[in-house]
Every structure is written in C-alpha cells, then in structure tokens.
Amino acid sequence: MVEVNYTKSKNENVVVSDGLLNNKRKLTTQEIAILKSNYNRNEDSSWGNFYVDAENFDASLIHNSYFSGFIILGKILPAKLKYHDLELEVGIYNSKLKDVVLGDDVSITNVAYLENYRIGNRVMLFNIMELCCTKHAKFGNGILKEGEEESHRVWLGVANENEGRGVLPFEGMITADAYLWSHYREDDLVLYKFKEFTELGNTKKLDTFGFIADDVVIKNSNIIKDAKIFSYTYIKGAFKLKNITILSSKDEPSQVGEGVEMVNGILGYGSKIFYQAVAVRFVIGRNCQVKYGARLLNSVLGDNSTVSCCEVLNNLIFPFHEQHHNSSFLIASTVMGQSNIASGATIGSNHNSRSPDGEIFAKRGFWPGLCSDFKHNSRFASFALISKGSYQYELDISYPFALVTPAQKDDMRINIIPAWWFMYDMFAIARNKNKFIKRDKRVIKVQHIETDPFAPDTMQEVLSAITRIIDLTSEYLKQNKLDVLEGARTPQEIFQAAKDFLHQNPEANFVLFDSLCQKRYGANICKPVQAYKMYRKIIKYFATSTLLDYCKLNNSVTFTREMLENVRQLPLYTSWENVGGQIIPSDKVQELFELIRNSKINSWQEVHDFYDECQKNYFMYKVRYSIYLLEQLYSRPIEEFSEDLYRNIIGDVTVIAFDIYTSSVQSREKDYTDYFRTMTYNSLKEMEKVIGPLNDNSFLIELRNQTEDFTTRIKNLFDEFILN
C-alpha cells in the first residue's frame with residue numbers, strides 16, 4: 001500500500017493527503033457566497049475544508065447539499081453525463097458528503113449520505129440512500145485490520161458445511177487457488193503460507209477509504225458500504241452491497257441489478273448479478289451470472305458459470321457450471337466444472353452423520369438428472385450422467401462417460417453403463433469442447449480451462465476403468481466356472497485370461513457386479529464388453545490425435561523415430577489433477593507445494609505464474625503421456641508394435657472419428673425425423689423456422705470438415721514405423 005503523509009488543513013479536525021491537493025485551491029469569497037445562496041451548508045463555517053480544481057470550477061453547479069470533513073473536487077463545469085436513458089448534469093445536488101474526493105466531470109444527485117470515498121472521473125451517482133466506507137474496510141478480502149481479533153476474519157466454508165475446508169477470499173482468487181487450499185489440508189506450513197499470501201500488502205492500518213473508479217454508474221440503490229468498485233461497473237436498484245469488491249473494466253464490464261444483496265465477497269470481471277439474487281461470503285469468477293433470486297453462500301463460483309433461481313451453499317464450483325432451476329439446490333460439494341444441475345436435483349439433502357460434514361465430489365461433466373438426490377459422501381467420475389431417481393446409499397462412480405440409473409424394487413443395485421456417451425449420444429460429447437469455447441467470453445484468461453473431453457484427466461480415469469472391467473470380468477469367469485481361466489494360476493495370468501476373453505468375445509452379453517460403486521448393494525456394470533472396447537478406442541483416439549497435433553507442430557505428416565526419441569526425453573506424468581479447470585500433473589502440484597514450503601514462491605501472483613508455466617508445457621506433457629497410454633494398451637514399448645498393431649490403431653481411430661461425426665448427425669437428425677419431436681409443427685418449413693435447418697448446423701459443418709482432415713492425416717501417422 002502507498003504510504004500516506006498527512007498535513008493539517010485550517011480546520012484542526014481535518015487531515016488531507018498531500019497528493020490529493022495537486023492542482024487544487026481553496027474557494028474564493030465569491031464562490032462561498034454562491035454556494036450559500038444555493039442552499040449549501042458546511043460543518044466548517046469558514047469552508048476551509050473545501051478544495052476545488054484550480055482552473056475548472058463552477059460553484060453554481062452545487063445545490064442544496066451538506067459537507068463535512070475534507071471535500072476535494074475535480075473539474076466541475078456545465079456538462080451532461082448520459083448512460084442509457086439516464087441523463088444528469090455534472091455537479092452535486094441534494095446530497096450529503098463527508099471526507100470525499102471527486103475526479104473530473106462527476107454527477108452526484110440525491111445521495112443521502114456519502115462518506116470516505118475516492119471517486120474517479122465521469123461517475124454518475126443517482127438516488128442512493130447510503131454510500132460509505134469504514135476505516136477498517138476489507139472489500140471482501142480475508143484480511144484483518146489493526147486491533148481486530150482472528151474471529152473477525154471472513155472465511156469461505158467451501159466444499160464442506162463444517163468449514164473444515166475453509167479458504168480466505170482475495171481479489172485475484174481463481175478456482176485453482178481455492179481447490180489447492182481447500183483439498184490439501186495435511187500440510188500446516190502450506191496452509192499458513194496461503195494465509196500469509198492473502199495478507200500480503202495489508203498494512204493493517206485503519207486508514208482505508210472506499211473506491212469508485214472511472215465511468216461507474218450507480219442509481220436507485222439502498223446501501224453500499226465498504227465497497228471497491230472498478231471502472232465501467234453499472235449498478236441499478238441494488239438492495240445492499242457490503243464489504244465487497246466489484247472487478248470490472250471497459251472490455252469486461254460488470255453489472256449489479258435490482259434487489260441484489262452482496263455481502264463479504266468479490267465479483268469477477270464481466271460478471272452480472274441481478275433480480276433479487278443474494279451472495280454472501282463468496283468469490284464469483286469472470287463472465288458469470290447469478291440471477292432470478294439465486295442464493296449463493298459460502299461458495300466459490302468458477303468462470304463462465306450461470307446460477308439462477310436456485311440455492312448454492314458451501315460449494316467449490318469450477319468453470320462452466322450451469323444451474324438454472326428454482327427447485328434445485330447444491331450443498332457441500334466440489335463440482336469440477338462443465339456441469340449442469342437439472343430441475344429438482346437436491347444435492348445435499350441427506351447427510352448421513354450427526355454432523356453436517358458430508359461431501360459430494362464430482363469431476364467435470366457432472367450431469368444429475370431431473371429430481372435426483374444423493375447421499376453424502378458420494379463421488380463421481382468425469383462426464384457422469386445420473387438418471388432421474390433417489391439414490392439412497394453412498395455412491396462411488398469410477399467409470400467416466402457413464403450412465404447411472406437407480407436401483408429397482410426387485411434389485412437394490414444401481415445400474416451403470418460405462419462409456420455410455422460414446423455409444424448412445426455422440427453428438428453431445430463431441431459438441432462439448434466447441435460449446436464451452438464459444439461460451440468463454442473472458443478477455444483476460446487467468447484461470448486456464450481444459451474443455452476437451454479427451455484430456456489426460458479423463459484418460460487416466462478411462463485407463464483405470466479398463467483395468468477395473470478386466471478385474472471384474474475375472475471374478476465373473478471364476479464364479480461361472482468358465483474354462484477360459486483353465487491353467488491360469490497367478491493374478492497376472494488370471495488378469496490376462498480375462499483380458500483375452502473380452503477381446504475374443506466382442507458380442508458377449510453379460511453383467512458384472514461392482515461392490516464399490518454403491519454402499520451396501522453395489523452396482524450392475526452393464527454392457528462391459530462394449531464399454532471395454534469403446535474405452536480402448538477412446539484412448540487410441542486421444543493418443544493419436546495428440547500425436548497428429550505434435551506432427552503438425554513439427555511440420556511433418558508422420559510421427560518419426562526421431563520425434564519418438566525426442567518425446568522420450570520429456571518427463572512422463574501418469575497422474576493428473578483438475579486444478580480449478582486446468583489439468584496439471586499431480587507431481588507438479590507437489591512441486592508447487594515444495595516451492596512454497598521453501599519460500600521460493602512467496603505470493604499468489606507467483607503461484608499463478610507457476611500455473612502459467614505448467615500450461616506452457618501442458619501440450620508436451622500430453623504428447624509424452626500419449627505414448628505411455630498406447631504402450632499400456634498393448635503391454636509393450638511402441639518400438640515393438642507390429643505392423644498389424646499400427647494398422648489396428650489407425651483403423652480403430654478412423655472408425656471412431658467417423659462414428660463421432662455420423663452419430664452426431666444421427667443424434668441431431670432425430671429432432672427432424674422423430675414423430676414425437678415433429679408433431680408440434682404443421683410443416684417441415686415451420687419446424688426449420690423454429691429450430692433452424694439441419695444442414696445449417698454450424699457445429700456439424702465444422703465437425704465434418706474436422707473429420708475429413710483427421711481421417712486423411714491419420715493414414716500416414718505411423719508410416720515410418722510400418723514401412724520400416
């Protein structure tokens with residue numbers, strides 16, 4: 001914080017910062033007379049507390065107002081400010097000001113009480129009951145001022161209602177910070193350092209003043225207290241804004257609307273909160289919307305998210321979260337983004353402990369169906385689609401891209417179809433990446449976000465699911481005493497026999513039992529052979545598409561042996577984490593903690609720099625991981641792959657590329673051909689006017705072009721290995 005040196009004014013009760021008086025002067029006798037004649041009053045009868053622009057001041061533009069403390073005014077000349085339909089004259093009218101500094105061309109009209117604020121240029125303040133700032137204001141940051149007890153610190157109780165995962169909000173917080181702080185609680189030194197980072201720059205002095213930057217418009221609002229408001233913010237009809245920071249800029253303007261109550265938190269750049277929404281103890285990311293009576297409490301909401309009508313309490317929510325319905329609520333959860341909470345979903349209604357300490361942990365792509373409810377604790381793999389139902393027991397869904405359906409009366413097991421999205425709704429999963437990229441309206445992207453379903457975090461889950469299916473298949477074969485295990489004695493031999501069975505029986509139709517997916521009753525794993533095959537194709541698709549991108553980066557149509565040697569020199573990371581939306585190797589997370597422990601990283605900005613460095617290397621980490629995945633699928637080094645193996649990979653990947661496109665077309669085509677989807681229209685022409693022609697679907701056109709390019713390039717990817 002900048003050091004302030006104070007000098008006494010003629011009024012012994014007033015102190016004024018030296019820098020604020022640059023190019024300022026005191027009033028003339030004539031100007032004082034004009035002010036008095038316009039029904040203005042001053043606590044200092046000599047008007048010695050009043051400073052104005054040295055050259056541009058018109059006293060006639062101040063009417064019926066009361067002043068006290070120190071008053072420092074910028075340029076005030078006859079002019080009008082206009083924003084939308086609101087047009088106001090520059091000047092001060094029918095207002096009460098105490099300890100206020102104004103920039104140039106400011107309009108203050110009907111502000112009943114304005115105290116201890118620094119206000120920028122071209123600001124419009126109209127019809128405000130109270131706008132003030134205390135000397136100990138923190139603007140939503142989790143810091144303390146001189147003499148304050150630790151109990152006064154504002155914590156956000158994310159992910160758990162008993163606040164055991166609490167984090168301190170700060171102006172630059174992103175979901176990655178909140179995740180690392182809330183989910184790594186073992187190391188007291190790292191937790192202490194996080195707290196220290198948050199306090200960095202806080203002098204603790206009781207000299208704080210409110211701040212309203214340039215080009216801000218505030219109108220028809222009730223109480224605004226201890227607020228820091230950045231440029232181009234628009235506030236209309238707010239009910240109560242207290243201890244907050246509103247981040248905003250010309251390129252990413254923020255907005256607060258009618259009936260809003262925000263207390264103890266930070267609103268991100270380009271975000272909008274309006275229509276009776278309430279946010280208490282919060283950090284809201286960039287390009288978010290909170291509206292229509294939504295309640296957001298003790299939560300961090302990631303960038304590009306929309307929350308409306310619903311109740312969101314004690315949550316850590318990663319970017320691209322959608323929750324629109326009045327009948328849904330989300331409590332005590334970590335939801336890792338690209339999620340959609342359906343109407344009637346009650347996630348947090350039934351804790352199973354005497355203390356409200358249960359949690360839901362859902363990886364990205366979490367999509368619970370209509371009227372779903374879950375018991376804490378429960379955990380969900382990436383892109384889990386949960387069918388409508390009441391889930392009476394704790395769940396641990398470890399199969400990514402799966403459909404989960406509830407237990408039936410005659411069978412208490414839940415049912416899981418692994419890889420369901422790729423088998424039955426390819427359009428939705430294929431559209432996923434492009435959909436989120438287009439919704440990302442952030443200008444400055446501090447939080448790195450992976451939007452592709454094909455990424456290292458999901459691939460490690462797929463690899464684990466493949467192993468799990470093989471293990472469960474071996475149990476199935478044992479229980480049914482099938483002779484395919486004949487001669488297999490060691491765990492490795494049994495595992496290989498089960499794997500061979502899945503390969504050699506592509507049309508086999510049986511159900512596996514997984515006791516770990518649901519407490520007490522377990523789960524039926526349906527279509528395991530089809531899921532096993534699809535999972536393998538998914539890994540091949542990810543690996544080869546990553547290698548194709550690497551070839552393109554190196555201006556080559558084939559992946560050469562020299563490239564392979566170069567890739568082998570890269571560090572291999574086989575464990576990955578979704579850190580606020582960014583996919584980072586788990587080893588790098590531990591490296592970050594070690595740097596923090598050793599005081600080699602000493603601020604949140606340096607933590608963010610570390611994230612940036614990880615992102616710079618992310619693609620090359622993926623390339624190295626792709627080689628590892630292929631070698632895991634075939635249990636041998638890639639140099640030992642046969643020509644048939646390479647051709648098998650190319651064939652499978654080509655098929656899945658075409659499947660992605662054709663299945664996407666077929667999924668969308670149903671909207672135009674299915675009787676029940678078309679029966680509300682009188683004609684095809686009417687339907688196309690309402691939902692648009694199928695042939696004009698921009699995503700399908702783009703996907704077709706991408707598929708043609710991909711399938712052309714994949715043919716030559718391994719030529720050097722095949723031909724030699």
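The backbone oxygen of His324 lies 3.4 Å from a polar atom of the Ser308 side chain, within the limit for a polar contact (N or O atoms within 3.5 Å, one able to donate a hydrogen and the other to accept it; residues adjacent in sequence count only if both atoms are side-chain atoms). This is a predicted model, in which local features need pLDDT of at least 70, side-chain atom pairs count only at pLDDT 80 or more, and totals for chains, interfaces and linings use all residues. Residues are numbered from 1 along each chain as its sequence is written, and side-chain values use heavy atoms, leaving out hydrogens and water.

**Around Ser308**
- Ser308 belongs to strand β25 (residues 306-308); strands are DSSP runs of E, at least two residues, and helices runs of H or I, at least four, numbered from the N terminus.
- With 3% relative accessibility, Ser308 counts as buried (under 20% relative accessible area, 1.4 Å probe, protein chains only).
- Beyond its neighbours within four places in sequence, Ser308 is in contact (heavy atoms within 4.5 Å) with residues including Lys291, Tyr292 and His325.

**The open sheet**
- Six strands make up an open, mixed sheet in the order β32-β35-β37-β38-β40-β39, where pairing takes at least two DSSP bridges.
- β32 (367-368) and β39 (512-514) are the edges, each with a single partner strand, so one side of each lacks a neighbour in the sheet.
- Strands β38 (residues 414-417) and β40 (residues 523-525) pair in the parallel sense over three bridges, and Ile416 has Ile525 as its bridge partner in β40.

**Helix α11**
- Just after α11, Ser635 has a positive phi of about 55°.

Key:
Buried < 20%, exposed > 50% of the residue type's maximum accessible area, 1.4 Å probe, protein only.
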